Amino acid sequence: MRKLPSRLKKGDLVGVIAPSSPPNQESLQKALPFLEELGLRVKLGNSVTAVNGYLAGTDEERLADLHAMFEDPEVSGIFCAGGGYGAARIADQIDYAMIKENPKVFWGYSDITFLHTAIGEYADLVTFHGPMLASDVGKPEFHERSRRMFNQLFEPFELHYTEEVTPLETLVGGVAQGELVGGNLSLVRSAIGTKFDLDVKGKILLIEEIDEEPCEVDEILNQLRMARKFDEAAGIVIGDFKNAEPNKRQPSLTLDQVVDHYFGQLKIPVVKGFKIGHCEPHFSVPLGALARLDGDAKTLTILPGVE
């Protein structure tokens with residue numbers, strides 16, 4: 001079992017960093033009061049306002065920010081301001097031994113998937129796949145259910161996703177239990193063949209995506225299939241695929257046809273329809289925590305991500 005970070009408490013100091021692209025400053029400023037409403041004090045990293053083309057500062061600056069927040073004994077948790085691109089550029093330079101010695105809440109998704117995988121594998125730490133400050137919290141459409149998902153950081157409790165949350169569809173029935181891993185589909189694919197290749201053996205694989213049309217999703221899923229990811233996994237949780245509409249390729253298969261092709265014949269439970277990803281509401285989950293996927297009952301149960 002991976003190490004659980006300590007729960008957050010009212011009055012705790014949390015850090016905000018931008019390991020990928022420059023966050024929208026206006027949205028970020030609108031989001032910061034939300035952390036204060038949770039009873040947290042905020043420390044902004046240097047990367048949050050840095051701009052280096054499509055990166056939030058140089059690789060050295062973003063890496064230094066990540067290290068500084070984990071090393072600072074006064075910082076109890078770390079929230080990513082946004083995604084975009086760039087997290088993978090610093091992954092092989094991170095001091096994972098230091099992170100393992102300083103376990104704390106680490107929260108983000110999308111491009112941050114690469115860091116979730118890396119930190120989970122090399123620092124043995126549970127991290128959180130959830131909405132980010134500038135990308136989500138600071139937007140007008142930020143949903144009340146998305147807000148409530150932050151409560152799991154303050155009190156250890158099991159998460160239960162049933163059809164009371166959203167309609168779900170079982171592609172393959174059965175029950176699986178294992179660590180929940182994964183995140184953004186493109187980032188899972190980008191790690192194949194590297195030292196950060198996602199280990200899915202005996203685990204429940206979560207996938208979500210944005211702005212990839214069906215033929216592009218098909219290409220990525222085919223690569224994961226040939227890399228034997230679906231053969232090794234214990235179960236598949238299919239999250240939100242935002243804007244997965246055919247634009248360049250016409251005529252086209254639908255996303256459902258693509259998903260059914262790759263998952264419909266598997267011998268492990270596969271359920272789709274989870275509002276996990278680039279969506280509102282966004283159901284936040286601890287990656288690396290033990291989960292149980294029941295394809296017959298259409299439920300996902302996840303043990304607490306903090307202690």
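Tutor: A crossover is right-handed if, with the strands pointing away from you, the path from the first strand over the helix to the second runs clockwise. Keep that in mind as we look at this predicted model.

Student: Okay, which elements here make a right-handed β-α-β unit?

Tutor: Strand β10, helix α11 (residues 255-263) and strand β11 do.

Student: Let's take the strands, then. What does β10 pair with, and which way do the partners run?

Tutor: Look at both sides of the pairing. Strand β9 (residues 204-210) is joined to β10 by 6 bridges, and the two run parallel. Ile-238 is a handy landmark in β10: Ile-207 stands opposite it, and its bridge partner in β11 is Lys-272.

Student: Is β10 mostly covered or mostly open?

Tutor: Mostly covered. Of the 8 residues in β10 (235-242), 7 are buried, and here buried means under 20% relative accessible area.

Student: Now the helix. Which residues of α11 are buried?

Tutor: First the general idea: an α-helix has 3.6 residues a turn, so residues three or four places apart point the same way. In α11, the buried ones are Leu-255, Val-258, Val-259, Tyr-262 and Phe-263. Seen down the axis of α11, they fall within an arc of 105°, so they line one face of the helix.

Student: And what do those buried residues of α11 pack against?

Tutor: Quite a list: strands β7 (169-172), β9, β10 and β11, plus helices α9 (214-226) and α10 (229-232). So both strands of the β-α-β unit, β10 and β11, are among the contacts of that buried set, where contact means heavy atoms within 4.5 Å.

Definitions and conventions: Residues numbered from 1 in each chain as written. Predicted model: local features only at pLDDT ≥ 70, side-chain atom pairs only at ≥ 80, totals over all residues. Heavy atoms only, no water. Buried < 20%, exposed > 50% of the residue type's maximum accessible area, 1.4 Å probe, protein only. Helix = DSSP H or I, 4+ residues; strand = E, 2+ residues; numbered from the N terminus. Pairing = 2+ DSSP bridges. Arc of directions from axis to C-beta.
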